[in-house]
Protein chains: 2
Amino acid sequence: MDNDKINLQLIRHFKEIVSLNDKEVQSIIAKLEIKKVNRKDYLLQPGQISRHMRFIAIGSMRVYYIDEKSQEHTLQLGIENWWINDLYSYLSGKSSRMFIQANEQTILIQISKTNLEILYREVPKLSDFFRLKIQSAYVSLQERTIENMSVDAYSRYCDFIAHFRSIEQRFPQYIIASYLGITPEFLSFLRKKHTAAIS
Amino acid sequence: MDNDKINLQLIRHFKEIVSLNDKEVQSIIAKLEIKKVNRKDYLLQPGQISRHMRFIAIGSMRVYYIDEKSQEHTLQLGIENWWINDLYSYLSGKSSRMFIQANEQTILIQISKTNLEILYREVPKLSDFFRLKIQSAYVSLQERTIENMSVDAYSRYCDFIAHFRSIEQRFPQYIIASYLGITPEFLSFLRKKHTAAIS
DNA sequence: CGTCTATTTGAATGTACTCAAAAGCGGTGG
DNA sequence: CCACCGCTTTTGAGTACATTCAAATAGACG
């Protein structure tokens, strides 16, 4: 049925990195939980603790927080086959400052931290898989820090669309702006400049 | 002798997080390597792969890179009892973009990645220790990203001296500036503004 | 079609940078 | 002990990048 198809999407995703036999696949599938959310729904809000790893099967999500001046800042955007989480809260067990929100109707697969720890014993390769994922989260965060410190907003925008064209088309402008660390007005200006430059 | 004292400094540091018996302590000490460097010496340069975890016993270091416009950007500053590394390169095994440089005459303790992996089997608690360290590296990177996106340079400077007064006094101004993501000239201006504000 | 939200436009402003020059500071050698 | 050299910090003027605020326009959805 439908849920099986969704579960297999995650299994395929695991298999891109680690090999899994049928028994292991069964162990994993037994621990998965499918969750459907509507546009604007929250998976996590400030004060809560993130207790799941979350995989986007269909749809798109974002992670953001609101600063003291009530400004939104987007830390992560995600679409199909991406993991989305506040790793800080998940790893430390402390309460989050983040909103994790659906950008459209979205189907996720969740694995609770407790179940994942059990799975690590049954399928040790999964532990490798998530260690790699967390590493690459660190790496992309570092790359973003470097990017933010090194180049101006126009270059950041160009790099962004070069790397994430599919993402740029699915999220509203003001969310992209809050990801790039600029105002929506200025992004609007940059876009005009960009379309003028390429034509 | 002297080296023993330095090794014990790291053991004490481990023991703040995990408990270790005498046998474990001996296993660890057997794998440590003490390294002394002079001011301006490099532990790592772009193109090299970071193959050690590095603990500062005495002295201070920084991690920085140079962007396309030949600007230096400092990612990490460290003093006694801090770990200093390009985790990206260490974890991924890929070549680094970073310089790791001594800010003064410095004594470090290094553990090679190969030795550390052996140690993880002899002293599994160490694996927990470093997992926690890598987590907190992720967390502080995320906090810095948030800080950079949320507040202006003056607030960042105030927060910096509030958290790292001891560091601020040991590094030259232009390095602090490159850590805060501003020019040395502008930091000079902010410092004047700050001393005027507190007096 | 009307309402609500998102985007665009423009003017005024502010934050931080560039460049150049002067001043400060630490070490070295005479 | 002083003079000099190189490096770091300060100062200031001019400029650029990005924000704020307000108003107009465009799009999406019931």
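Helix 7 (residues 173–180) of chain A lies across strand 4 (61–66) and strand 5 of chain A, and runs at about 100 degrees to strand 5 of chain A. Helices (H or I, at least four residues) and strands (E, at least two) are DSSP runs here, numbered from the N terminus. For the angles, axes are lines fitted to C-alpha atoms, for helices over the stretch in contact, with values from 0 to 180 degrees between N-to-C directions. Contact itself takes C-beta atoms, placed from the backbone, that lie within 7 Å. All of this comes from a predicted model, in which local features need pLDDT of at least 70 and side-chain atom pairs count only at pLDDT 80 or more, while totals for chains, interfaces and linings use all residues. Residues are numbered from 1 along each chain as its sequence is written, with chains lettered from A and ligands numbered from 1 in the order in which they are written.

Chain A is divided into domain 1 (2–146) and domain 2 (151–199), with bounds that come from an automatic or database domain assignment. Taken over C-alpha atoms, the centres of domain 1 and domain 2 of chain A are separated by 26 Å. Domain 1 of chain A puts 9 residues into the contact and domain 2 of chain A puts in 7. On the domain 1 side, strand 4 and strand 5 of chain A are the elements that give two or more residues, and strand 5 of chain A has the largest share, 4 residues. By class, that side of domain 1 of chain A has 3 nonpolar, 4 polar and 2 charged residues; Ala, Val, Leu, Ile, Met, Phe, Trp, Tyr, Cys and Pro count as nonpolar, Asp, Glu, Lys and Arg as charged, and the others, Gly among them, as polar.

Now for the sheet in chain A. It is open, has 4 strands in the order 2-6-4-5, and pairs in the antiparallel sense; pairing requires that DSSP finds at least two bridges between two strands. Strand 2 (42–44) and strand 5 (72–78) of chain A each have a single partner strand, so one side of each is left without a neighbour in the sheet. From one strand to the next, the twist averages 30 degrees. Strand 2 of chain A meets strand 6 (residues 99–102) of chain A over 2 bridges, antiparallel, and Tyr42(A) has Gln101(A) as its bridge partner in strand 6.

Chain B has an open, antiparallel sheet of 4 strands too, in the order 2-6-4-5. Its strand 4 (residues 61–66) and strand 6 (residues 99–102) run antiparallel and are joined by 4 bridges, with Val63(B) partnered by Ile100(B) in strand 6.

Between the chains, 19 residues of chain A are in contact with 19 residues of chain B. Helix 3 (87–92) and helix 5 (124–150) of chain A are the elements giving two or more residues to the chain A side, and helix 5 of chain A gives the most, with 11 residues. That side has 9 nonpolar, 8 polar and 2 charged residues.

Finally, the DNA. DNA strand C is surrounded by 16 residues, the closest being Gln173(A), Ser188(A), Asp152(B), Ala153(B) and Phe186(B); a residue is near a molecule or strand if its C-beta atom, placed from the backbone, lies within 6 Å of it. Helix 8 of chain A supplies the largest share of this surface, 6 residues. By class, the surface near DNA strand C has 8 nonpolar, 3 polar and 5 charged residues.

Note on methods
Contact = placed C-beta atoms within 7 Å.
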